[in-house]
Amino acid sequence: MKNKKQLAALLTTAMLAASLTACNSSKPAETAPSETTAVSQSQGQTASEETTSAPSSEEITLSVAWWGGDTRNERVEKTLSLYTEQHPNVTFSTATNNFTDHGTAMSTAAASGDLPDMWLIQTQLWMGQYVDSGQLLDLRPYIESGALDTTNIPEANLESGRAADGGIYAVAAGLNTPCIQYNQTLLEEHGIEIKNGMTVDEFAAKCAEIYEKTGYKTIINNPESFIEYLLRADGKLLYDEGKIGADSPEDLITYFNLMQKGRDEGWLIDYETYVTAGGDSATQPVVTGEAWNAMWNSNQTAALQSPCPEGVVLGMVTWPTSNLDASGYTAGAMGWCIPANTKHPDEAVALLDWWLNSPEVHEIILGELGMPANTAVAEHIIPLLDETNARAFEYILNDVIPHSSPKNPIGGPGATEVRNLIDELEEMMYYGSITPQEGAERLFTEGNAFMAQQ
């Protein structure tokens with residue numbers, strides 16, 4: 001989910017200086033891995049230059065950054081306090097923003113060579129550019145040495161952090177899947193039913209019905225992911241090697257036709273309302289009552305549910321497609337990564353390993369970032385979840401996993417430019433300044449040019 005408006009000024013990237021205080025815990029302290037094989041990816045070193053060392057016992061401060069609302073902020077801070085309690089030599093400086101501001105802050109930090117020691121990355125949107133610029137640590141040597149234990153993390157979950165060069169540069173902070181969050185209370189009050197696996201035509205008909213009976217409009221967002229989702233139904237990639245994976249503009253036109261249909265029939269939300277909502281869950285039209293839906297990922301359902309008016313329950317169904325088994329997937333759209341030039345690679349990896357594999361971490365997080373990538377940990381916390389997160393987990397387990405296929409690889413060189421083009425075309429479709437045919441042709445022609453020139 002993203003905010004299309006440019007920020008008026010760049011955010012400060014200084015990490016907050018306050019160290020966390022220890023929290024009370026009756027659980028025994030865990031020990032950090034005794035030995036790690038570190039591979040520095042900083043300038044001047046290659047992946048073959050390995051060093052072996054244990055996390056230092058000297059007093060250090062690790063910087064950690066993420067995006068999210070108040071609930072996520074509080075819970076992540078508690079986990080870090082617990083880590084300090086178990087590892088008294090390690091304290092933290094932290095920084096958190098909403099999604100858009102976090103992305104801007106990390107971009108600014110990268111430009112100055114001052115990325116946090118561990119930070120939350122949106123793998124689909126951002127990872128490629130940081131890998132291309134050599135700013136992320138390849139985690140494969142740590143996985144191979146056992147310093148980063150992935151025993152209970154399925155390979156499909158690891159794939160979400162794998163780049164085109166084969167390196168693993170992030171590990172999923174939580175498992176999620178594309179999802180329509182919808183005002184279930186509103187639809188039930190008006191006798192409207194929606195289902196998983198709707199075709200695009202069925203979805204459009206429901207949007208028209210909902211608008212006619214309730215006056216609530218429809219949001220169509222996440223255009224890059226949605227176009228990719230629709231292409232998967234035909235067994236095609238959005239990002240192929242050196243080209244767009246579509247055979248012709250006609251393969252790409254479904255999304256643009258849907259946007260145009262929404263404009264023509266009046267059920268598509270206006271662009272100003274859409275972008276003014278920004279990246280904060282509390283301002284989303286499905287929360288404020290200006291739309292009946294959102295098209296976020298399943299791990300964001302709790303963030304949307306929390307600010308909803310009392311009595312409003314959000315349901316979840318899959319995005320529309322002609323082939324749910326081919327389109328559907330689970331992935332870690334957000335992942336924890338470590339910069340290549342961190343001064344504390346072994347300590348940062350030890351923290352990441354602890355985060356992924358400690359049940360007590362997720363007894364605190366309770367699904368705030370989605371289903372844990374570690375399946376054993378996920379099973380452990382399901383009975384502890386609140387109603388919203390339990391429904392999100394059940395949605396993944398019961399409605400998505402049985403009807404899904406492997407996630408597409410992250411786009412390589414040229415993908416960032418294609419993504420920017422898609423965002424431009426989305427805005428133009430919302431305003432009606434291009435036709436569906438023009439949108440599809442521009443994406444096919446210009447997208448192929450971007451992919452080919454890299």
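pLDDT is the predictor's confidence in each residue, from 0 to 100. I start my notes with it, as I am reading a predicted model, where local features need pLDDT of at least 70, side-chain atom pairs count only at pLDDT 80 or more, and totals for chains, interfaces and linings use all residues. Residues are numbered from 1 along each chain as its sequence is written, and side-chain values use heavy atoms, with hydrogens and water left out.

**Entry 1: confidence.** I found a mean pLDDT of 86 for the protein, with 87% of its residues at 70 or more. Over residues 1-52, pLDDT stays under 50. For that stretch the model has 129 contacts (heavy atoms within 4.5 Å) beyond four places in sequence.

Entry 2: Next I looked up strands, which are DSSP runs of E, at least two residues, numbered from the N terminus. Two of them pair if DSSP finds at least two bridges between them. I noted an open sheet of 5 strands in the order 4-3-5-12-6, with mixed pairing. Strand 4 (90-97) and strand 6 (171-172) are its edges, each pairing on one side only. Strand 5 (residues 118-122) runs antiparallel to strand 12 (residues 334-337), over 4 bridges. Which residue of strand 12 is the bridge partner of Leu120? I found Trp336.

**Entry 3: cysteines.** I counted 0 disulfides (pairs of cysteine sulfur atoms within 2.5 Å) in the structure.
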